Amino acid sequence: MAITIYASNTMLSTTTMLMAAQPLTFTSFSKWAEQLISELGLELIEREQGADYHQWLLGFEGSRIFLCFQHYADCAWLQPFCAADQEVADWLTLQWNRPAAAISRKP
């Protein structure tokens with residue numbers, strides 16, 4: 001599933017949801033996110049958690065990316081920190097969502 005994010009009538013980015021073998025929940029997100037970070041070789045910089053969301057700042061080869069999770073939508077995605085990081089966020093999403101990689105993550 002892809003969503004498009006708009007600000008002031010200007011399209012900022014199109015974001016593809018990250019796949020998970022099991023449905024993500026607010027309590028299962030951290031364990032799943034740690035696996036994603038490990039498998040993609042990401043650096044965890046900062047974690048933020050609210051009543052209905054997780055947002056983790058990650059680093060990858062000089063780029064900054066947010067790993068976002070929204071409880072009410074039960075979905076996670078990578079959001080670039082700035083426009084220059086969009087291609088990296090897209091590439092990492094494709095790597096995570098590859099069918100062969102998803103099969104190896106099944107419990």
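The model is predicted, so local features are reported only at pLDDT of at least 70 and side-chain atom pairs only at pLDDT 80 or more, while totals for chains, interfaces and linings use all residues. Residues are numbered from 1 along each chain as its sequence is written, and side-chain values use heavy atoms, with hydrogens and water left out.

The protein contains three helices and six strands. Helices (H or I, at least four residues) and strands (E, at least two) are DSSP runs, numbered from the N terminus. Their order from the N terminus is β-β-α-β-β-β-β-α-α. Of the 107 residues, 38% are buried. Buried means under 20% relative accessible area, exposed over 50%, and partly exposed in between, with a 1.4 Å probe and protein chains only. The protein exposes about 6,500 Å². Carbon and sulfur atoms supply 55% of that area. Accessible areas come from the Shrake-Rupley method with a 1.4 Å probe; for residues, only the protein chains shown count as cover. Among contacts in the protein with a separation of 6 or more, 40% are between residues 24 or more positions apart. A contact is defined by heavy atoms within 4.5 Å.

Four strands form an open sheet in the order β3-β4-β5-β6. Their pairing is antiparallel. Two strands count as paired if DSSP finds at least two bridges between them. Strands β3 (43-49) and β6 (75-80) lie at the edges. Each has a single partner strand, so one side of each is left without a neighbour in the sheet. Neighbouring strands are turned by 20° against each other on average, direction ignored. Axes are lines fitted to C-alpha atoms, for helices over the stretch in contact, and angles run from 0 to 180 degrees between N-to-C directions.

The strand pairs can be taken in sheet order. Strands β3 and β4 run antiparallel and are joined by six bridges. They form a hairpin with three residues between them. Within this pair, E48 has Q55 in β4 as its bridge partner. Strands β4 and β5 also run antiparallel, joined by eight bridges. Two residues separate them in a hairpin. In the turn, E61 has a positive phi of about 50°. S63 in β5 is the bridge partner of F60. Strand β5 (residues 63-70) pairs with β6 over six bridges, in the antiparallel sense. Here F69 stands opposite A76 in β6.

Helix α1 (residues 29-40) packs on the sheet. It touches β3, β4 (53-60), β5 and β6. The direction of α1 makes about 10° with that of β4. Helix α2 (residues 86-97) lies across β4, β5 and β6. The angle of α2 to β6 is about 150°.

L36 belongs to helix α1. It is buried, at 0% relative accessibility. Leaving aside residues up to four places away in sequence, L36 touches L18, L42, L67 and W96. L36 and L92 are 56 residues apart in sequence. Their C-alpha atoms are 9.9 Å apart in space.

Strand β4 is mostly covered, with six of its eight residues buried. H54 is in this strand. Its relative accessible area is 4%, so H54 counts as buried. The side chain of H54 reaches the backbone oxygen of F26 at 3.2 Å. Beyond residues up to four places away in sequence, H54 touches F26, F29, S30, E48, Q49, L67, C68 and F69.

The structure holds one salt bridge. The criterion is a side-chain nitrogen of Lys or Arg within 4 Å of a carboxyl oxygen of Asp or Glu. The side chains of E34 and R47 form this bridge, at 3.3 Å from N to O. The pair links distant parts of the chain, with E34 in helix α1 and R47 in strand β3. The two residues are 13 apart in the chain. E34 is partly exposed, at 40% relative accessibility. R47 is also partly exposed, with a relative accessible area of 46%.

How values were computed: Polar contact = N/O pair within 3.5 Å; in protein donor to acceptor, adjacent residues only side chain to side chain.
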